[in-house]
Amino acid sequence: MTDTAVAGAAAPDGEPSPLLELLAGFIIELREAGLPVSLTENLDAMEAVQHIPIEDRSTFKYALAATLVKNHGHWKAFETVFEVYFSMRGSQYSIDPESSEFDFDFDDDDQQGQGQGQGQGQGQGGGQGMSPEELAEMLYKALQSGDRSMMQAIARQAVRRFAGMEPGRPVGGTYYLYRTLRNLDLDGVMERLNSESKLENPEQSSFDERLQNDEYKARVSELKKEIEAEIRRMLVADRGVEAMAKTLRKPLPEDVDFMHATREEMASLRKAIYPLTRKLAARLARKRKFGRRGPLDFRRTVRTSLSYGGVPADPKFRHPKPHKPEIYVIADISGSVAAFARFTLHLVYAISNQFTKVRSFVFIDGLDEVTSYFDNVDDITEAIHRVNTEADVVWVDGHSDYGHAFTVFWEKFGKDVGPKSTVLILGDARNNYHASQSWIIKEIQDKARQVHWLNPEPRSYWDTGDSIVGEYVEYCDAVHEVRNLRQLENFVEKLV
Amino acid sequence: MAERFTDVPTVRQQLREVDYLADDGISGVVFLADRLGKPILVEGPAGTGKTQLAKSVAEMSGSRLIRLQCYEGLDEAKALYEWNYKKQLLRIQAERNADGSWEELEDDIFSDEFLLTRPLLEAIQADDPVVLLIDEVDRVEVETEALLLEIRSDFQVSIPELGTIEAKQIPLVFLTSNNTRELSEALKRRCLYLHVDYPEMDREKEIVLTKVPEIAENLADQIARVVRSIRQLELKKAPSVSETIDWARTLVLLGIDKIDAETATETVNVLLKYQADIAKAVKDFASNDQLGS
């Protein structure tokens, strides 16, 4: 069924109904991926595509994006789904939908021959029977010249040869990508490109060299994208659109789990955090400004009522005294939860003007105060980087020991905690079976205004294995599961 | 309603003629906005030509640009219309000795003559084709946003004393936002969304060539490359397109025809505006030198 829908869309002049059907599936998939697509937006998209010549793929894509995606953070998710649903169009991408099985043998280069002429002009030229060395040479040339069509052809070739794809396997293609890239040895090619360009222009300054290097890097990443797209196309052809889209579904940036973020997701999180903090700060500042009036000021009300003959016609209110807590952040920065601590510190410091004072402490099995790292720096990222590299947090072996860390905190800083302090403890409470020393938390709770525990683990993992969060939670005012940016933002907003 | 544009490539071509280099996304969305009669919500980093897009579209379609600059505290009186009460008072005083009835006077002082039109009303009343630019819409409060929304959705304004004024033509509307707060869902739903990002290297080079015609091509090329490299650093504020253009102008004025690490270090303050960023970039240029040697 999918095949027919795809085939219908693949024909540029096909009737509109298969396209609309495909579009409906596309929108359902977007919603599944978490994008809030409303009914009106859906209708807008349907109307929009009627004004766009369907052959113009990139305009088609932007038309859909303009009507369906209203948040730039969701762009990536949109793009993935789009690529899956609409990647069959254009002759050079078509994989014969009739052929049910794929032959991934090494010499299977001429698949386009049986494709009823739809696969002509693929720029694959001398692809047939090329040796791996020749392919490597071609790759080198393509990267050197930045020839786009040649890179596409190479991506095609490389995937056919190296990925070793098997039909019917329910995978997302990361493994295939890895295999292909390993065989292409892009690092080696980069090195060769750089040394070669040095040989050609010996008098080139290092500055130019660097620019040249950046250029090659950009080309390589383009090639990678091309390879990824190629793998995806083949997988889609093999397993159908819906199944593929489901495998590729990834959480939106605000839903990415801190504990299991990949390197790429981390980078996107880092990018997302800055606008988020800015927005949060603006929102909080505004809230404070337009916040409600304080409680009734009885004395002043009676006083003014005298001028109305004792009738309290003009009630007076106290000015609200904004409660500005002192914040103590105590964060576990051992490997497993470091990322979480980093984002929380970032957010807390970004809105530090909402608090009278922010003091931060980090620990693994030892504990160190890092407040000074944040003094007078305008770049929070830099400060956090220093926290992770310079703070003295290892006492014995560098495995989390909450008990000892709390003991140190209590001895050194316990006296500073007062009735205005709000204490935030960040960590998964995986204590490596050390003593919990949970009496300290009790002591802190007695002295402090509030104690919150933020745990980056899903609730169902708590108190399993060496996690002893339950022992501590007894003495905390609240404990929160904070696994992604959305939850973190909610928490921080409530805190203020 | 007459369509302004024939197809997407034409939009792109015409924008180019007024020195605005659009990519597929931009020209496609502008075209759609006309066809669907919807406003465009333009978001993106500062200095990527969001406002310029509206201006260029106005120029290319020969329309008048009406601009409403938003700020915190913007209200109906500043956005829509206001009665010129000083003039009304004068009128009443002048009338005091004459023996016209109150009704006549009332009709008189609530007429077009005493109405101060503000940008929104002006856009609706216009006979000639107009492009309405609502700039930095994220600065107004949510309540004002609703006002903008209401007017935009049916293109009519009721003034109690005058009756309803309906738009004679539907203007092309651009809203820009710097994303300092989340706009309401309702507003987003009604708009076409366009994210304008930093341009690709090739496009940036072309932009430099267009905006600084006296520049040599290889210098423009180098500029685009350096800017791309700088944007890859983790900066507080990456250089915007306008800053790239400023830098290009600076280099041309200084008579530099080839950038090396030294000139880049000396002039980088045109591109970057934060001390920490400048330090980072300079360090990057320098560390690179050591690597090379």
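B:Asp19 counts as partly exposed, because it has 14 C-beta neighbours inside 10 Å. That count falls between the limits of 12 or fewer for an exposed residue and 20 or more for a buried one. The model described here is predicted. B:Asp19 sits in chain B, in the loop that runs between α1 (8–17) and α2 (24–36). B:Asp19 is not a glycine, yet its phi is positive, at about 65 degrees. Most residues other than glycine have a negative phi.

A:Gln437 has 18 C-beta neighbours inside 10 Å, so it counts as partly exposed.

Confidence was examined along chain A. The mean pLDDT of chain A is 74, and 81% of its residues reach 70 or more. Residues 1–15 of chain A have a pLDDT below 50. In the model, this stretch makes 26 contacts beyond near neighbours in sequence. The pLDDT is also below 50 over residues 89–127 of chain A. Here 49 contacts are made beyond near neighbours in sequence. Where pLDDT is low, the predicted coordinates should not be read in detail.

The make-up of chain A comes next. Chain A holds 19 helices and six strands. Its length is 496 residues, and 35% of them are buried. Contacts in chain A between residues at least 6 apart in sequence were sorted by separation. Of these, 72% join residues at least 24 apart.

A:Phe491 is found in helix α19, which covers residues 485–495. A:Phe491 is partly exposed, because 18 other C-beta atoms lie within 10 Å. Its neighbours within four places in sequence aside, A:Phe491 is in contact with A:Leu454, A:His480 and A:Val482. A:Ala24 is 467 residues away from A:Phe491 along the chain. The C-alpha atoms of these two residues are separated by 36 Å.

Chain B has 14 helices and nine strands. Its radius of gyration is 25 Å, whereas the globule rule gives 19 Å for 293 residues. The value for chain B is well over that of the rule, so chain B is more spread out than a compact globule. The C-alpha trace of chain B spans about 95 × 40 × 40 Å along its principal axes. Buried residues account for 36% of the 293 residues of chain B. Among contacts in chain B between residues at least 6 apart in sequence, 75% link residues at least 24 apart.

Chain B is divided into three parts: domain 1 (8–72 + 123–195), domain 2 (81–117) and domain 3 (201–287). The C-alpha centres of domain 1 and domain 3 of chain B are 31 Å apart. Eight residues from domain 1 and 10 residues from domain 3 of chain B take part in the contact. On the domain 1 side of this contact, three residues are nonpolar, three are polar and two are charged.

The two chains also touch each other. Chain A brings 34 residues to the contact, and chain B brings 35 residues. On the side of chain A that touches chain B, at least two residues each come from α3 (39–51), α4 (57–68), α10 and α12 (263–289). Helix α10 of chain A gives the most to this side, with seven residues. By type, the side of chain A that touches chain B has 10 nonpolar, 10 polar and 14 charged residues.

The largest nonpolar core has 131 residues. A:Val81, B:Val29, B:Leu192 and B:Leu194 touch the most other members of this core. Helix α10 of chain A (residues 206–239) supplies the largest share of the core, 10 residues. B:Leu194 touches A:Ala66 in chain A. Within chain B, B:Leu194 touches B:Gly25, B:Ile26, B:Val29, B:Ile40, B:Leu41 and B:Val42, leaving out residues up to four places away in sequence. Another core, of 64 residues, lies apart from the largest one. Its members include A:Val329, A:Phe340, A:Ala341 and A:Val479.

Key
Residues numbered from 1 in each chain as written. Chains lettered and ligands numbered in written order. Predicted model: local features only at pLDDT ≥ 70, side-chain atom pairs only at ≥ 80, totals over all residues. pLDDT = per-residue confidence, 0-100. Contact = placed C-beta atoms within 7 Å. Helix = DSSP H or I, 4+ residues; strand = E, 2+ residues; numbered from the N terminus. Core = buried A, V, L, I, M, F, W, Y, C linked by C-beta atoms within 7 Å. Domains from an automatic or database assignment. Nonpolar A, V, L, I, M, F, W, Y, C, P; charged D, E, K, R; others polar. Rg over C-alpha atoms; globule rule 2.2 N^0.38 Å.
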